[in-house]
Amino acid sequence: MNRIRSHSLPVVLYILLLMAVWLCSWVSGIVSLFVGEDVDFALASTDGVRWFLRTSADSISSLPWGVIVLLLISTGLFSSCGLPQLLLRMAYGHRSVRSRRALWAAFIAFVVVVLPLLSGTLYPLSLASGIDGSFVTSPMASGALFVLFVVALFVSVAFGVVYGTFRSVADVADAACCYIRLHASSLVALVPAALLLASLDYMELSFMQSPIVAAVVKYALLLFPFVYSLFFRPKSEK
């Protein structure tokens, strides 16, 4: 299997798992009928097919697509601006005037972004305080991912422009999209993954009734395609 085909393995794997779940549901229903037991929540039944068709779009929409896209954009900007690579080289003694200027530009951009956020924690905005007075329910905590995106955008652009990795708006846009392109097959794999999770939930399997187990299964299915694509991708993308 070449690298381009192996890159799509999570998509194929999740489709096969979804088909296997439906097959197991059908076999389980047949066995239950033979032993005289009631068949509840069987996917391969009239009610199951009607439920699957009715809720398929909602099941796919239930995944945190916005969170995933923001993380991919933030990671793409930060990794493409050259800052991580420069910090690694500086650990081995690399120094230059341009690198120092770029680091200062990134630091100033960071301060420019963080200072308004810190001032927003004061009265009357109180962005770090929720209705109950805790930080967990605060607007700052709820919007932490967007804050991370804004910080990554300003710091990366400031560093990249001074360092020379970003020479135009097109370079910034390309950096923002690079990880989305890299993980395109991973995003596609989440479609059958969402249907698989919904099918397992509909069947009310005993092991899925545990919140911990259900969370582990969910995040394992969500993370696997992205982790896999980091190690198995075409050489031209590395």
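Student: In which helix does L182 lie?

Tutor: This is a predicted model, in which local features need pLDDT of at least 70, side-chain atom pairs count only at pLDDT 80 or more, and totals for chains, interfaces and linings use all residues. Residues are numbered from 1 along each chain as its sequence is written, and side-chain values use heavy atoms, with hydrogens and water left out. Helices are DSSP runs of H or I with at least four residues, numbered from the N terminus. Residues 169-182 form the helix that holds L182, namely α9.

Student: Is L182 buried or exposed?

Tutor: A residue is called buried under 20% relative accessible area, exposed over 50%, and partly exposed in between, using a 1.4 Å probe and protein chains only. The relative accessible area of L182 is 8%, so L182 is buried.

Student: How far apart are the C-alpha atoms of L182 and L230?

Tutor: Along the chain, L182 and L230 are 48 residues apart.

Student: Why is S99 classed as buried?

Tutor: S99 is found in helix α6, residues 97-120. S99 is classed as buried because its relative accessible area is 2%.

Student: Which residues is S99 in contact with, leaving aside its neighbours within four places in sequence?

Tutor: Contact means heavy atoms within 4.5 Å. A polar atom of the S99 side chain lies 2.7 Å from the backbone oxygen of S96. Leaving aside neighbours within four places in sequence, S99 is in contact with L86 and Y163.

Student: Which helix gives the most to the lining of the largest pocket?

Tutor: On a 1 Å grid over the protein atoms alone, a pocket is an open set of points where a 1.4 Å probe fits, with protein on both sides within 12 Å along at least five of seven lines, and lining residues have an atom within 4 Å of a point. The largest pocket has a volume of about 320 Å³, where volume is the space filled by probe spheres set on the points, joined across faces, edges and corners. Of its 15 lining residues, those closest to the centre are I68, L71, L72, L223 and F226. Helices α4 (65-80) and α11 (211-231) each supply at least two lining residues, and the most, six residues, comes from α11.

Student: How many residues does α10 give to the lining of the second largest pocket?

Tutor: The second largest pocket holds about 260 Å³ of space. Among the 13 residues lining this pocket, L197, D201, M208, A214 and K218 are closest to its centre. The elements giving two or more residues are α10 (184-203) and α11. The largest share comes from α10, with four residues.

Methods
A polar contact is a pair of N or O atoms within 3.5 Å; within protein, one must be able to donate a hydrogen and the other to accept it, and residues adjacent in sequence count only if both atoms are side-chain atoms.
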